[in-house]
Amino acid sequence: MRIIDILNQDQMSLSFEVFPPKKETSFESVRIATEEIATLKPAFMSVTYGAGGGTSEYTLAVAKNIKEKYNVPMLAHLTCVSSDRETVRRRIQDMKDNGITNVMALRGDLTPELEKTDRSKWDYRYAVELIRELKKDGSFCIGGACYPEIHPESANQREDIRFLKEKVDAGVDFLTTQMVFDNNLFFNFLYKIREAGITVPVLPGIMPITNANQVERAIKLSGAFMPQRFRAMVDKFGSNPDAMKQAGIAYATDQIIDLYANGITNVHVYSMNKPEVAEGIQRNLSSILGNTF
Ligand code: FAD
């Protein structure tokens, strides 16, 4: 099923993100965790693509396994900046051959090694080039990334939104945001991109922080603003793993309820291969989502 058709349905949707193993020996534990998440029957699941493309075949393997065994619609991520055109085309063909027709088209982060190379020789410099290539094929439903708090390489938000519009005009069907911990930042961003003529569905990305060690990494990765309410929660419960897990699930639930209450019908959760976290959030929302547990 195409993700855009799910997002356009007249009902709430909650989707979960998982990541592939880094090596063959971890495949089994990832399979178990992702299958547990699939039993929750989310609206769809997404599988990330390892930075630099090193784990690309596992992305497809995880997505295919869940799709075939659980019939959950799957979104496979694909990055382009560190790959040559031939490799990207092969990945696209592999997805088609395996029945994966929803793709999150990303540039990928610039590694220090990549930064040292000559940009004029890169086959892909921006996600928009991958999006154009996928669009030409005609069979994919395409997602793109967006940044309510501005992409770190952008000079300002106006420029960031101008390039975002270019991606959408190239064929993006829906957008998912970088993690946000303050819904007001998401609402402000949505207002601005709608004003800029971007009309596709936008899924806020919610990251449940369920242990204190995640905080630093999340800030480093996203540059996201942590509201005082959030920091107080981590200060208070961070040293007690059980309490922190429960508090993190509650904070994410609260964010999602506020989003739904304010008319946002589709929400994406960075569930990070943690079935108990995905299940906790979904159970908290069961009456809102209309599911029974
Ligand atoms: P782009 O859209 O290409 O934007 C990158 C920067 O270039 C921005 O500053 C943009 O404003 C600017 N720009 C865009 N077009 C132009 C242009 N024509 N001229 C000049 N400047 C331009 N990374 C992974 O490795 N694997 C994943 O699975 C993954 N999943 C992600 C999922 C989501 C929802 C998000 C938000 C991010 C994800 N990332 C992932 C991280 C992502 O790869 C990085 O944030 C990366 O730095 C940018 O990717 P992009 O697709 O947004 O790039």
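Reader: Which oxygen atom lies 2.8 Å from a polar side-chain atom of S154?

Author: A polar contact is a pair of N or O atoms within 3.5 Å; within protein, one must be able to donate a hydrogen and the other to accept it, and residues adjacent in sequence count only if both atoms are side-chain atoms. Here, the polar side-chain atom of S154 lies 2.8 Å from an oxygen atom of the ligand. For D160, a polar side-chain atom is also placed 2.8 Å from a ligand oxygen atom.

This is a predicted model in which local features need pLDDT of at least 70 and side-chain atom pairs pLDDT 80 or more, while totals for chains, interfaces and linings use all residues. Residues are numbered from 1 along each chain as its sequence is written, and side-chain values use heavy atoms, without hydrogens and water.

Reader: Which element gives the largest share of the shell around the ligand?

Author: Helices (H or I, at least four residues) and strands (E, at least two) are DSSP runs, numbered from the N terminus. In this case α7 contributes four residues, the largest share.

Reader: Is E133 buried or exposed?

Author: Buried means under 20% relative accessible area, exposed over 50%, partly exposed in between (1.4 Å probe, protein chains only). E133 is buried, because its relative accessible area is 11%. This residue belongs to helix α6 (residues 127-137), and its side chain makes a polar contact with that of R89 at 2.9 Å.
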